[in-house]
Amino acid sequence: MKVTRSKWDIYRVLKENKELRPYLPKTRLFSKQNVDTFLNRYHKVILKPIHGRLGYGVIKLSMLPKGKYKLEFEDYYAVLPTKHQMHKALIEKIGKEK
């Protein structure tokens, strides 16, 4: 019997360890609100699929000056002029993936 654990499951287990906790990056499940919060705080965000895919599906998102956003996804690259367009592009790329 094979046990499959998502990256989120593994993160939650690791976070329970006091010695490891300081070394873990801040991590949240995807939501528009969480993306906005992280961008406002860090200006760059990495979104990863919840199930391992050898680096496939990783999205790099950056906040640029003048309210613009840069989105990088595999062979896709875009500078998006508004938060609304950034959210729309994310949803298109992520689909139903957590």
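**Aromatic pairs and paired strands**

Modeller: The structure holds two aromatic pairs, where rings of Phe, Tyr and Trp (its six-membered ring) pair if their centres lie within 6.5 Å, and planes under 30 degrees apart count as stacked, over 60 as edge-to-face and the rest as tilted. This is a predicted model, in which local features need pLDDT of at least 70 and side-chain atom pairs count only at pLDDT 80 or more, while totals for chains, interfaces and linings use all residues. Residues are numbered from 1 along each chain as its sequence is written, and side-chain values use heavy atoms, with hydrogens and water left out.

Colleague: Which kind of pair do the rings of Trp8 and Tyr11 form?

Modeller: Both residues belong to helix H1 (residues 7-15), and being three residues apart there they are separated by about one helical turn; helices (H or I, at least four residues) and strands (E, at least two) are DSSP runs, numbered from the N terminus. The ring centres of Trp8 and Tyr11 are 5.6 Å apart and their planes lie at 25°, so the pair is stacked.

Colleague: And which kind do Phe38 and Tyr42 form?

Modeller: Phe38 and Tyr42 are four residues apart in helix H2 (residues 32-42), about one turn of the helix. Their ring centres are 5.6 Å apart with the planes at 65°, so this pair is edge-to-face.

Colleague: Turning to the strands, which residue of S4 is the bridge partner of Glu72?

Modeller: Two strands pair if DSSP finds at least two bridges between them, and S3 and strand S4 (residues 76-80) pair in the antiparallel sense over five bridges. Glu72 lies on the uncovered face of strand S3 (residues 69-73), together with Lys70. Across in S4, the bridge partner of Glu72 is Tyr77.

Colleague: Which residue in the turn between S3 and S4 has a positive phi?

Modeller: S3 and S4 form a hairpin with two residues between them. A positive phi of about 45° is found in that turn at Glu74.

Colleague: What is the distance from the charged end of Lys93 to the centre of the ring of Tyr76?

Modeller: A charge sits over a ring if NZ of Lys or CZ of Arg is within 6 Å of the ring centre and within 35 degrees of the ring normal. The charged end of Lys93 sits over the ring of Tyr76, and its distance from the ring centre is 4.0 Å.

Note on methods
Buried < 20%, exposed > 50% of the residue type's maximum accessible area, 1.4 Å probe, protein only.
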